[in-house]
Amino acid sequence: MFSQNMLIRDGEYTKSIYTMIKEERFQEAINVLNGIPEVSTTRAGLSLLGHCYYQTQDFIEASNCYEHLVNLVPDVPEYKLYYAQSLFQAGLFEEAHKISTTLDAPQLKDKVLQLQSAIAYGNEDYSTAQSLLLQRQDTSQEATVKNDEGCLLFQANMFEDALQRYVSALQAGGFNPHIAYNAALCHYRKKENSQALNYIAEIVERGIRNHPELGVGAQAETEGGARSVGNPPALAASGLAQAFNLKAAIEYQEGNVEGSREALTDLPPRLEPELDPVTLHNMALTDPVGGGAGLRRLAFLLELGPPTCPPETFANLLLLCCKHEMYDTAADILAEHTHLTYKYLSPYMYDLLDALITAQSTPEEAEQKLGVLANNIGGRLRSLAAKVQECRSAPDQNALRVALREYESALESYLPVAMARAWIPWRADDFQGAEREFRASAEFCSETPTWRLHAAHVLFMRGDRYKEAAAFYEPIVRQNYDDILAVSASVLANLCVAYIMTSQNEEAEELMRKVERAEERKGNANGQCLHLCIVNLVIGTLYCAKGNYEFGLSRIAHALDGGSGARLCADTWLHVKRCVLGLLTGLSKQTIVLPSIAIQETLSFLRTCEAYGLTIPSVLTGPLEETGEQPPTIGLEARKLRALLLRLMEYK
């Protein structure tokens, strides 16, 4: 196989290499340059190679080239600057600062100050960064200085002042996607998502127009099969990665996980090893497959450490562990990374996570910790509510907006604490205690959708409060009546059961018909639309629990297409075997009498499940659970249940 440099005729190396660099084919240029022995010992060769490595974001190799150049031609200060810049981009801040202090060329003073300020900023030494920023005197760099001032103000949580600097920078230097992104980020922090999306839309529009080769949206069009574009300089210059990640964050914050996932899919196609840390972090949070891949990605990022690892990774990894009830893992992560606890976890977040982990061993102590946290935030909410009322009577609308924002922020902190306090008795099946906790938090949370949803679940599980539960569920369904499949299947199922238990069978049937029509319109060939299936499973389980196994098991069989469809999985099989085991128990104790035709239908259903479930695992596994043993299959368990039912039929 011919190497790349053999395809270039003698005497045309210079022309070919410069053409590649002009056309931003830097990797090709690197391949050619590395095939020329003289490159590593000449100024021209090392300079070209260092530039190409820098443009491909291989900053370690770039720094090696510039280090050789500094030794080869020590009287050229620009190479020393490039060396320091490469070290900085590689995250080697101390080494970069050490080199920068040896630069005394007057013509590079402003650039050196800019680099040193960036190093201090990366080390979170913001006072030094501010001091160095004030020493810069190059008036032609007004936009850059304004942007850097905005970054320092942003870190001080002075988002309004930072936004003003970014707007001034855009006015002084024209549109710059990175400065526009910074402005969008300020709006995001101020919870002004519509303004943030306006900046994002402009960045994306310009990026698509100026860089069609990046293939924006190609992943969505080809269902993830688009060819990787890698990490060319155009991608870094366009600001597209930052813009799409911020859009994903906005969608995620608003509860639209699917929209967040779509925003990440619109990114220029890249292989996973080519992804930047922020994209990898956001993909972990929105992973459609489950928690396992997301946890592994976050754990990988955490091991990289700062500055590569996004600062939100530590908290999100712990929260994701708690979401999947992996509390021991969360405790181990906290113990192994105590140095990150004080740096990346707020006192509120630490106290909340500590209480959740403590609840596994000593629920009483966890209740006390959550009670203290709830009282502190509750007192702040009452004072903020009074402040909002004062501002309503004053003419200053800006003060009212600030007060409302503070109240909403405090409420966002209070809601997880209230949910955690109700969760402790819920885990012990103390639904009366859970309801008591919900009533205690109703003062602040009664109008929030999350509180109302979980309050409905608690009332439903009480077993005697179906009417009140339906009153909470109904507004959720009505709000999405035109897109009924946007409602959680558990909400639809519980509402149907509540209707049945309160003798509103017509309302339950109408709701089920509505779901069925919606699934038919959407198309259910791939078995992914399980709303009606879950509704029927819940209703069937309810009737079985009430002793009506004939109707209940027929509902369950209907829900699973007789056991032959794609709906047969570990999740749905759990409900099947519980009901069949209940039937077997009743038959063995002779407390249940079932017509022979119903028994034959049950046997036929189990036989179909046996045939189609031969290779389907019958148990659910955790997101990180890996065992060497093969899990039992649905087919095997269905055969055992069928054998037991046949033996009971033969018993006299």
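This is a predicted model: local features need pLDDT of at least 70, side-chain atom pairs count only at pLDDT 80 or more; totals for chains, interfaces and linings use all residues.
**Domains**

The chain is divided into two parts by domain assignment. Domain 1 spans 1-136. Domain 2 is made of 528-621 + 629-651. Taken over C-alpha atoms, the centres of domain 1 and domain 2 lie 67 Å apart.

**A negative patch**

Helix 20 covers residues 327-336. This helix supplies 3 residues, the largest share of the patch. Asp-328 belongs to helix 20. Asp-328 counts as exposed because its relative accessibility is 61%, and the cut-off for exposed is over 50%.

**Positive phi in two loops**

Glu-124 has a positive phi, near 60°, and is not a glycine. Glu-124 sits in the loop between helix 7 (109-122) and helix 8 (126-134). Its relative accessibility is 42%, so Glu-124 counts as partly exposed.

Ser-503 also is a residue other than glycine with a positive phi, about 60°. The loop that holds Ser-503 runs between helix 28 (489-501) and helix 29 (505-522). Ser-503 is exposed because its relative accessible area is 66%.

**Two pairs along the chain**

Glu-367 is part of helix 23, residues 363-392. At 40% relative accessibility, Glu-367 counts as partly exposed. Glu-367 and Leu-317 are 50 residues apart along the chain. Their C-alpha atoms are separated by 23 Å.

Leu-583 lies in helix 32, residues 570-588. Is Leu-583 buried or exposed? Leu-583 counts as buried, because its relative accessibility is 1% and buried means under 20%. Leu-583 and Asn-548 are 35 residues apart in sequence. In space, 9.7 Å separate the two, C-alpha to C-alpha.

**Accessibility by residue**

The table gathers the residues discussed above with their relative accessibility.

| Residue | Relative accessibility | Class |
|---|---|---|
| Asp-328 | 61% | exposed |
| Glu-124 | 42% | partly exposed |
| Ser-503 | 66% | exposed |
| Glu-367 | 40% | partly exposed |
| Leu-583 | 1% | buried |

Conventions
Residues are numbered from 1 along each chain as its sequence is written. Side-chain values use heavy atoms; hydrogens and water are left out. Helices (H or I, at least four residues) and strands (E, at least two) are DSSP runs, numbered from the N terminus. Buried means under 20% relative accessible area, exposed over 50%, partly exposed in between (1.4 Å probe, protein chains only). Domain bounds come from an automatic or database domain assignment.
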